Amino acid sequence: MTLSLKVAGVATACSLPLGVAVAYALARGRFVGHGLLNGIVHLPLILPPVVTGYLLLMGFAPNGVIGAALARIGIRLAFDWKGAALAAGVMAFPLMVRAIRLAIEAVDPKLEAAASTLGASRFWVFVSVTLPLIVPGIIAGAITAFAKAMGEFGATITFVSNIPGQTQTLPLAIYSALQVPGGESSAVKLVVISITLALGALLVSEVLAKRVAARIAGRDA
Amino acid sequence: MLEIALKHRFAGFTLDLALNAPGGITALFGHSGAGKSTVVNAVSGLLRPDLGRIAVGGDVVLDTEAGINLAPHRRRIGYVFQEARLFPHLDVRANLNYGARFAAPGPGVIRFDRAVEMLGLGALLDRRPGALSGGEAARVALGRALLSKPRMLLMDEPLAALDSARKAEILPYFETLRDEVKLPILYVSHAPAEVARLASSVALLEDGHLRAFGPARDVLADPGAAGGFGGRAAGALISGRVVAQDSDGLARVETAGGAIFLEAPSAPIGAQLGLQIHGADVTLALARPEQVSALNILRVTVLEIGAPDGPSVFVQLALGEERLLARLTTRSVAALGLRAGLECHAMIKAVSLASQDVTQRA
């Protein structure tokens, strides 16, 4: 439970800045490789999670390309909770990017043009106009991503296995509980926790969605 | 003050013009699709023209040949858009202050308090843009541009999205702005009445080319250019001073060519007025007409007869030092034998001089 929150929290927090940057690039950028970037971002959504997990394992295992480099500076991902966070982050990333991208696309580029004629550089236009207008979208994206990260199963079990106390997140624990005779009662407990967390996340994102509408319409919140 | 030379090609349309606008309000007039917005967007830096050179007060902001193209935020050119484009997440005060933090310290063209007072924004400062009417939002947008310490302003049909009551509400603010804040303004419009009221210079744009450019008075009284404003709306500007408000509600206005009577209830005695006399409201007679209802009968001399546009033609008349335009049929011109130098009488009904064509000038 705590491990799950930690894994999902770290996954969401670490991928958020990158998610905003990628969403902005996809929403506003015109560059070579736009379609490619879009494809790569969405890949975890289309691929079977097991495949994603296996690809992560190949890349980040201690003898993998990136894993070897990380191992040299003392970071071990495979079969570790940090690896679970990576798997959850990668799987949740497309959902996060989609939510933020929608929010950015809802911002009228005319407002950004107006800001630039008032003396704001591209950076300041983003910080003072675009970003405040998409904050609710960012939060909604983060919550969706958090919920997805909490429930991530296939990539996690493939990449970091199912080690109690280390990589055994909530869904993995439910699965394990169902594998042993008489484990139903602890599985039910975990299921209830899981449902509560999911509903809570949904509720919060609904409230925020309403705020988005109000904010973009410029009404008093 | 503002030097513009542009060449820009769109699908099936080429913009090609050069003009050197002096200070004051330069109106860029033209019908939809004439290329007006392209010109202001190029000046602001929001659009990069194929070829061109733009300089503001001698500072080059764009020179495609020299590879100079300043980003919009480095140009210090305020822009008032057709839609107010206020930032919805900021209240009115923060919208007004938005530009100041990016500008160099030091006094701008107007202080915050004065801008708020001049534009009547005092009661709105804590409101959010979503809670403003169209007219209020337009005023805030104007204040926001002024307070960004610009060296000139662009206005792209700032009144076009407003109904006529709101327009009448905003126009006086623009007049105060023109008379108080000496900021060069490039004002895009396709409403001849706005041009006549506000502009000191007029550039008439047609299909991407400049048809006429010069002081407002000259361009509006040019029989060759008048057709570009639309036959019904074209008319020369004359100025005069209110010398009496008669008991029947008519004002007597002394002009260089004699007295003119019209309805101007808000103008005090002594006020300087500018009035646009629409060419279609002017009737010519060779002999002084008698027993007619028209109150204003002025002695004029025919100066120039423009090129016919279908069955009608604009005739330029001298009224003392002032110029008048009359829109007549070619048939009447032939029947009266009008030619340059002929003296005749111009009749203008007092009621056709509507209040929206009358401006008080400082």
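This is a predicted model: local features need pLDDT of at least 70, side-chain atom pairs count only at pLDDT 80 or more; totals for chains, interfaces and linings use all residues.

Me: Through how many residues does the hairpin join β13(B) to β14(B)?

Reply: The hairpin that links β13(B) to β14(B) passes through two residues. The two strands run antiparallel and are joined by five bridges, β14 of chain B covering residues 258-262.

Me: In which sense do β12(B) and β13(B) pair?

Reply: Strand β12 of chain B, residues 235-245, pairs with β13(B) in the antiparallel sense, over five bridges. One residue pair to look for is B:R241 with its bridge partner B:E254 in β13(B). The hairpin of β12(B) and β13(B) has five residues between the strands, and in it B:G249 takes a positive phi near 95°.

Me: Which residues of strand β13 of chain B form the covered face, and which the uncovered one?

Reply: The general idea is that side chains in a regular strand alternate between the two faces of the sheet. In strand β13 of chain B, residues 251-255, the covered face consists of B:A251, B:V253 and B:T255. B:R252 and B:E254 make up the uncovered face.

Me: Is B:D207 buried or exposed?

Reply: B:D207 counts as exposed because its relative accessibility is 55%, and the cut-off for exposed is over 50%. B:R76, at a relative accessible area of 46%, is partly exposed.

Me: What is the relative accessible area of B:L205?

Reply: The relative accessible area of B:L205 is 2%, so this residue is buried, the cut-off being under 20%. B:L205 lies in strand β10 of chain B. Leaving aside neighbours within four places in sequence, B:L205 has contacts that include B:L17, B:L28, B:F29, B:V39 and B:L210. B:G35 is also among those contacts. B:L205 and B:G35 are 170 residues apart along the chain, yet their C-alpha atoms are separated by 7.4 Å.

**Where the chains meet**

Me: How much area do chain A and chain B bury between them?

Reply: The size of an interface is often given as the accessible area lost when the parts come together. Chain A and chain B bury about 2000 Å² between them, with 64% of it on carbon and sulfur atoms. The contact draws 24 residues from chain A and 23 residues from chain B.

Me: How many salt bridges does the rule find across the interface of chain A and chain B?

Reply: The rule finds one salt bridge across this interface. The salt bridge is formed by A:K110 and B:E83, whose closest N and O atoms are 3.7 Å apart. On the side of chain A that touches chain B, α6 (109-117), α7 (122-151) and α10 (184-217) each supply at least two residues. The largest share, seven residues, comes from α6(A). By class, that side of chain A has 14 nonpolar, six polar and four charged residues.

Definitions and conventions:
Residues are numbered from 1 along each chain as its sequence is written. Chains are lettered from A and ligands numbered from 1 in the order in which they are written. Side-chain values use heavy atoms; hydrogens and water are left out. Contact means heavy atoms within 4.5 Å. Buried area is the accessible area (1.4 Å probe) that two parts lose on being put together, summed over both. A salt bridge is a side-chain nitrogen of Lys or Arg within 4 Å of a carboxyl oxygen of Asp or Glu. Helices (H or I, at least four residues) and strands (E, at least two) are DSSP runs, numbered from the N terminus. Ala, Val, Leu, Ile, Met, Phe, Trp, Tyr, Cys and Pro count as nonpolar, Asp, Glu, Lys and Arg as charged, and the others, Gly among them, as polar. Buried means under 20% relative accessible area, exposed over 50%, partly exposed in between (1.4 Å probe, protein chains only). Two strands pair if DSSP finds at least two bridges between them.
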